[in-house]
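Work through the exercises below with the sequence and the model side by side.

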Amino acid sequence: LLNLSLILAICGVVLIAFSGSIGKSFSNFWLQRQPGGVIDTDVFLFMMNSYQISALVIGGILFAVCLPTALYVWYQTLKNVE
């Protein structure tokens with residue numbers, strides 16, 4: 001559980017750090033799936049912002065939940081060793 005929690009916490013930090021690139025990549029992928037590949041600039045910027053916010057929220061949740069879990073498991077492991 002400790003290793004899994006640490007890995008997920010690190011994934012959360014990576015999502016937070018790279019939310020801009022993730023949003024840009026996902027919005028470009030979304031644009032390519034549109035018929036003709038043409039869309040209004042405001043709609044594209046809205047989609048890019050939405051993907052960036054989604055990456056930030058998911059990363060924040062992963063980090064905020066998994067880091068305390070990892071610390072608690074580590075504390076319990078140290079407590080049981082003594």
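## Exercise 1: two helix pairs

The axes of helix H2 (residues 19-33) and helix H3 (residues 41-81) come within 8 Å of each other and cross at roughly 135 degrees; helices here are DSSP runs of H or I with at least four residues, numbered from the N terminus. This is a predicted model, in which local features need pLDDT of at least 70 and side-chain atom pairs count only at pLDDT 80 or more, whereas totals for chains, interfaces and linings use all residues. Residues are numbered from 1 along each chain as its sequence is written, and side-chain values use heavy atoms, with hydrogens and water left out.

Task: classify the arrangement of H2 and H3, and describe their contact.

Solution. Start from the angle, which runs from 0 to 180 degrees between N-to-C directions, the axes being lines fitted to C-alpha atoms over the stretch in contact. Angles under 35 degrees count as roughly parallel, over 145 as roughly antiparallel, 65 to 115 as roughly perpendicular and the rest as oblique, and H2 and H3 are therefore oblique to each other. Next comes the hand: the crossing of H2 and H3 is right-handed, a crossing being right-handed if the near helix is turned clockwise from the far one by less than a right angle, and left-handed if anticlockwise. The contact (heavy atoms within 4.5 Å) involves residues of H2 including Ile22, Phe26 and Trp30, and residues of H3 including Phe44, Met47 and Tyr51. By class, the residues of this contact divide into 11 nonpolar, 6 polar and 1 charged, where Ala, Val, Leu, Ile, Met, Phe, Trp, Tyr, Cys and Pro count as nonpolar, Asp, Glu, Lys and Arg as charged, and the others, Gly among them, as polar.

Solution. The crossing of H1 and H3 is left-handed, and the contact of H1 with H3 has 17 nonpolar, 5 polar and no charged residues.

## Exercise 2: one serine and two cysteines

Task: determine whether Ser5 is buried or exposed, and which residues Ser5 is in contact with.

Solution. Ser5 is placed in helix H1 (residues 2-17). Its relative accessibility is 4%, so Ser5 counts as buried; buried means under 20% relative accessible area, exposed over 50% and partly exposed in between, with a 1.4 Å probe and protein chains only. Apart from neighbours within four places in sequence, Ser5 is in contact with Cys66, Thr69 and Ala70.

Task: count the disulfides, taking a disulfide as a pair of cysteine sulfur atoms within 2.5 Å.

Solution. The count comes to 0 disulfides. Cys11 is in no disulfide, since the nearest cysteine sulfur, that of Cys66, is 8.8 Å away. Cys66 is buried, with a relative accessible area of 9%, whereas Cys11 counts as partly exposed at 36%.

## Exercise 3: distances across the chain

Task: find how far Leu71 lies from Leu2 and Leu45 from Lys24, C-alpha to C-alpha.

Solution. Leu71 belongs to helix H3 and is partly exposed, with a relative accessible area of 45%. The C-alpha atoms of Leu71 and Leu2 are separated by 8.0 Å, although the two residues are 69 residues apart along the chain. Leu45 is also found in helix H3 and counts as partly exposed at 41% relative accessibility. Leu45 and Lys24 are 21 residues apart along the chain, with 9.2 Å between their C-alpha atoms.
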